[in-house]
Amino acid sequence: MAEAKKAGWIAGAVALMGAVGALLTGISDFGGLFKSAGDSPPSSSSPAAPGATQSQAANTPAAPATVYYQGHLEFGRFNFDLKPPKRTGDTYVWGGGGVFESYHDAAKMAVWTSSGTPDRAACASAVDEQGKTYISGTEKGNHVCGRTAEGRVFRIDVTGVAETFDGGATGDVTVWDK
């Protein structure tokens, strides 16, 4: 619970810093209104101000995440880069007995520890921060976030976990486009 609050606080602080940076950049470049008469226009070879790229990205609305695949799976061995997910060779994610494991770099995964259901951006962030090829202790109701070898972000909403390690898991899966 404390980790979830900490993660939420950190996400809020990062968003606030981005908004403040965008605001300050916008004020400092307010159509040249704050330039003095002796100021010359910046040359095209001068380096960009720190954070300029970030503020432009913060001002650009994010495109809505497009769903690549969505459906219910009874876990065996799935490659989430395929539509629909299926087993191909020896590159796959396997789930069973509270464990999810990636074989041959099929994906990095993380259990969502905050409240609510994570969207694409939240899942991508969770995988960036704590992604692994093997996670255990998953239970019915957990959300498992992941990123495939080809860069697709996915979420498994765990709907069932077998009592034994060799038993399967079930889940509602959403895979977003790259």
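How many aromatic pairs does the count come to? The count comes to five aromatic pairs, a pair being rings of Phe, Tyr and Trp (its six-membered ring) with centres within 6.5 Å. What you are looking at is a predicted model, in which local features need pLDDT of at least 70, side-chain atom pairs count only at pLDDT 80 or more, and totals for chains, interfaces and linings use all residues. Residues are numbered from 1 along each chain as its sequence is written, and side-chain values use heavy atoms, with hydrogens and water left out.

**View 1. F80 meets F154 ring to ring.** The two ring centres are 4.6 Å apart and the planes sit at 35°, so this pair goes down as tilted (planes under 30 degrees apart are stacked, over 60 edge-to-face, the rest tilted). The partners come from distant parts of the chain, 74 residues apart: F80 is in the loop between β2 (77–78) and β3 (92–96), and F154 is in strand β8 (residues 153–161). Strands here are DSSP runs of E with at least two residues, helices are runs of H or I with at least four, and both are numbered from the N terminus. Both F80 and F154 are buried; that means under 20% relative accessible area, with exposed being over 50% and partly exposed in between (1.4 Å probe, protein chains only). Ring pairs also link F80 and F154 with F75, F78 and F100 into a cluster.

**View 2. Y92 and Y103 make another tilted pair.** Here the rings are 4.9 Å centre to centre, with 35° between the planes. Y92 belongs to strand β3 and Y103 to strand β4, eleven residues apart. Is Y92 buried or exposed? Y92 is buried, with a relative accessible area of 9%, while Y103 comes out as partly exposed at 28%.

View 3. Leaving aside neighbours within four places in sequence, S102 is in contact with Y92, V93, A107, M109 and T133, where contact means heavy atoms within 4.5 Å. Next, look at the loop between β4 and β5 (107–111), where H104 is found. H104 is exposed at 52% relative accessibility, and D105 is exposed at 58%.

**View 4. Two charged ends over the ring of Y68.** To count, NZ of Lys or CZ of Arg must be within 6 Å of the ring centre and within 35 degrees of the ring normal. K83 has something else to show: a cis peptide bond joins K83 to P84, with omega about -5°. P84 is in the loop between β2 and β3.

**View 5. The disulfide of C123 and C145.** A search of the whole structure turns up one disulfide (cysteine sulfur atoms within 2.5 Å). Its S to S distance is 2.2 Å, and with -55° about the S-S bond the link is left-handed. C123 is in helix α3 (residues 120–130) and C145 in strand β7 (residues 143–148), so the bridge ties together parts 22 residues apart in sequence. C123 is buried at 0% relative accessibility, and C145 is buried at 0%.

**View 6. The largest nonpolar core.** A core is a set of buried Ala, Val, Leu, Ile, Met, Phe, Trp, Tyr and Cys residues joined through side-chain atoms within 4.5 Å. Which of the 19 residues touch the most other members? They are F75, F80, F100, M109 and I156. β1 (67–74), β5, β8 and β9 (169–176) each supply at least two residues of this core. I156 touches residues including F75, F80, F100 and V144, not counting those up to four places away in sequence. A second, separate core of nine residues includes A110, C123, V153 and W176.
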